[in-house]
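Dear colleague,

I am handing over the structure we spoke about, and below it you will find my notes on what turned up. Please read them with the sequence and the structure open beside you.

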Amino acid sequence: MANIKIPKGWEIPENRVTPESVYINRRKFIKDLGIAGAGAISLFGSTACAQDSKAEKQLKPYRDQKLEHKKNEAFTVARPQTEEIIAATYNNFYEFSSGKTNVWKLVERFKTRPWEVEISGLVENPMKIDIDDLIKQMPLEERIYRFRCVETWAMVVPWLGFPMKVLLDKVQPKDEAKYVRMTTFMDPDVAFQQNNNRLPWPYVEGLTLAEAMNDLTLLVVGVYGHILPPQHGAPIRLIVPWKYGFKSIKSIVSIELTDKKPRNFWNVILPREYGFEANVNPNVPHPRWSQAKEWLIPRRDVSYPTRIYNGYGEFVAHLYK
Ligand SMILES: Nc1nc2c(c(=O)[nH]1)N[C@H]1C(S)=C(S)[C@@H](COP(=O)(O)O)O[C@H]1N2
Ligand SMILES: [Mo]
């Protein structure tokens with residue numbers, strides 16, 4: 001199980017405490033004063049530590065609900081795994097916030113059980129099923145995947161879930177089915193950003209049927225050995241590790257097989273910037289920034305070259321020939 005390390009004062013990522021300039025000045029200030037390590041922590045680390053213990057407390061009930069699973073050793077990553085508390089406090093979940101460091105604080109009233117998922121559209125056996133009944137029927141495995149947001153941040157996380165293919169084989173897509181369209185819950189009383197009616201709620205994403213049937217495509221119900229906490233998209237979300245993070249839709253209520261290409265949320269908002277395919281590619285810059293490099297949360301100051309298909313070309317390149 002993840003061994004949780006409370007970051008020391010000077011290791012706290014600037015994005016969780018203060019703007020980078022202030023952070024750097026603090027370090028310089030400490031250095032100028034000639035304060036040795038230990039003293040500096042007690043002087044400057046306290047706010048960050050209080051934040052961390054709140055985040056630990058928020059996570060605890062989810063950590064306590066372990067999920068039995070097999071480890072799939074075929075999917076491990078040479079990079080170090082992201083600390084659980086880091087991943088759980090840096091999230092993209094527009095239903096709750098357009099920021100990333102406050103999502104975990106805003107999901108308190110988001111109840112993710114009981115929860116039903118409907119699988120419908122062009123299938124032989126449509127179904128509507130309670131999330132925990134679904135989990136009981138599915139072969140749960142842990143896979144450590146690289147995850148890459150279109151904004152250039154990245155992480156390495158042990159997801160727990162089952163291949164989407166297993167579920168699709170159960171419902172049996174009809175021959176006319178060409179795409180899978182997934183939809184997030186809608187509840188503006190809980191997810192306050194859904195009151196902003198300039199955005200096309202609810203969040204929708206889609207894959208081609210071939211992408212959905214690929215072995216890498218996971219429906220994820222847990223992380224770090226336990227059920228998903230709400231900020232990661234509980235109780236069930238998609239993970240497609242060769243695509244930019246916005247494809248990995250959270251808190252799914254509906255999976256629909258269709259013959260029409262779904263209009264995905266970000267493509268509706270900014271069609272020039274976000275496409276349907278959205279495969280990770282260092283050679284195709286976003287209109288407003290380069291995609292050549294990425295950084296691993298929380299270290300914005302260290303960058304790595306972006307890999308084509310996020311390093312998963314051997315599994316998926318054939319889909320795009
Ligand atoms: N419903 C929904 N799903 C979503 C998003 C969102 O705002 N709403 N953000 C996406 C983006 S841009 C990213 S990078 C990932 C972030 O997942 P994480 O917070 O678990 O790291 O979720 C994706 N899924
Ligand atoms: Mo993202």
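A residue is called buried when its relative accessible area is under 20%, and that cut-off is needed for several of the residues described below. Please keep in mind throughout that this is a predicted model, and that the values quoted are computed from it.

Let me begin with Gly 233, which is found in the loop between strand S9 (226-227) and strand S10 (237-239). Its relative accessible area is 0%, and because this is under 20%, Gly 233 counts as buried. The C-alpha atom of Gly 233 lies 7.8 Å from that of Ile 249, although 16 residues separate the two in sequence.

The second residue to look at is Tyr 179, which belongs to strand S6, spanning residues 179-184. With a relative accessible area of 17%, Tyr 179 falls under the 20% limit and is therefore buried as well. Along the chain Tyr 179 is 27 residues away from Gly 206, while their C-alpha atoms are separated by 6.9 Å.

Glu 294, the third, is part of strand S12, which covers residues 293-296. Its relative accessible area is 2%, so Glu 294 is also classed as buried. The side chain of Glu 294 makes polar contacts with two arginine side chains: one of 2.7 Å with Arg 79, and one with Arg 148, also at 2.7 Å.

For Lys 250, a polar side-chain atom is 2.6 Å from an oxygen atom of ligand 1, and for Asn 91 the corresponding distance to an oxygen atom of ligand 1 is 3.0 Å. In the case of Asn 92, an N or O atom of the side chain lies 3.2 Å from a nitrogen atom of ligand 1. Taken on its own, ligand 1 has 530 Å² of accessible area, of which the protein covers 99%.

How values were computed:
Residues numbered from 1 in each chain as written. Chains lettered and ligands numbered in written order. Predicted model: local features only at pLDDT ≥ 70, side-chain atom pairs only at ≥ 80, totals over all residues. Heavy atoms only, no water. Polar contact = N/O pair within 3.5 Å; in protein donor to acceptor, adjacent residues only side chain to side chain. Areas by Shrake-Rupley, 256 points an atom, 1.4 Å probe, with all protein chains shown as cover. Helix = DSSP H or I, 4+ residues; strand = E, 2+ residues; numbered from the N terminus. Buried < 20%, exposed > 50% of the residue type's maximum accessible area, 1.4 Å probe, protein only.
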